[in-house]
Amino acid sequence: VLYAINAGGGAYQAQDGTAYMADDYVKGGSFGSTSDVIAGTAEQTLFKHERWGRFIYALPVKEGEYDVTLHFAETWFGPEHVGNRTFNVAIEGVQQLEAFDPLLASGHDSAYTVTFKSIAVIDGELTIDFAPVHDSASVRGVVVKGLDGHRLAPVPSHHRQQVLAAVPSDCPS
């Protein structure tokens, strides 16, 4: 695991030993949490926090191929509100999810995880773009797996702001 990010939350260690870092390498969006119990997972800490809105993660990596796992849960809209939250997810500029509705995918207060395999990165930065279609985009966790040594050294926060400055103008800071 090169990156494991607890979107909208703090650092913690998952039951499988994965060390999730606090929400970082992101521009835009807001963060929130819920006290709801999330079905379908033992990882309550991960699924109780979220990054929502319009946002982009930009993770420094070497050229290569990566597996990207995204964790979702709909805790705001109830079962009768299918379609109230839909959003697109592009990874490295390629649309991976279109008009995705986490409520439709797994129901209310239920964990949903999807993995995208062999994502090619050629520019030293893995970008994951969350763009709302209806209401806001939302994610609970981001995990990137690749070859050992392919994660680049942590980027100082002042440089990270320069790197993230290239995101679309409709993505608030």
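Please keep in mind that the model is predicted.

Let's start with the sheet. Six strands make up an open sheet with mixed pairing, and the order is S2-S3-S1-S12-S6-S9. Strand S2 (12–13) and strand S9 (111–121) sit at the edges with a single partner strand each, so one side of each has no neighbour in the sheet. Further in, strand S1 (residues 3–6) runs parallel to strand S3 (residues 19–22), paired over 2 bridges. If you look there, you'll find Ile-5 opposite Met-21 in S3.

Now for the salt bridges: the structure has 6. In one of them, Arg-51 meets Asp-23 at 2.8 Å, N to O. Arg-51 belongs to strand S5 (residues 49–60) and Asp-23 to the loop between S3 and strand S4 (26–33), so this pair ties together parts 28 residues apart in sequence. Are these two partners buried or exposed? Arg-51 is buried, at 10% relative accessible area, and Asp-23 counts as buried too, at 17%.

Another one joins Arg-140 and Glu-50, at 3.8 Å, N to O. They are 90 residues apart, and both are buried.

There is also a network of salt bridges, linking Glu-74, Arg-85 and Asp-135. Within that trio, Arg-85 is buried, at 5%, while Asp-135 is partly exposed, at 44%.

Last stop, the largest pocket, with a volume of about 170 Å³. Its lining has 13 residues, and Asp-16, Thr-18, Tyr-20, His-71 and Val-143 lie nearest the centre. By class, that lining is 5 nonpolar, 5 polar and 3 charged. Two strands from our sheet come back here: S6 (64–73) and S12 (141–145) each supply at least two lining residues.

Definitions and conventions:
Residues numbered from 1 in each chain as written. Predicted model: local features only at pLDDT ≥ 70, side-chain atom pairs only at ≥ 80, totals over all residues. Heavy atoms only, no water. 1 Å grid on protein atoms, 1.4 Å probe; cavity = no way out; pocket = protein on both sides within 12 Å on 5 of 7 lines; lining within 4 Å. Points joined across faces, edges and corners; volume = space filled by probe spheres on them. Helix = DSSP H or I, 4+ residues; strand = E, 2+ residues; numbered from the N terminus. Nonpolar A, V, L, I, M, F, W, Y, C, P; charged D, E, K, R; others polar. Pairing = 2+ DSSP bridges. Salt bridge = Lys/Arg side-chain N within 4 Å of Asp/Glu carboxyl O. Buried < 20%, exposed > 50% of the residue type's maximum accessible area, 1.4 Å probe, protein only.
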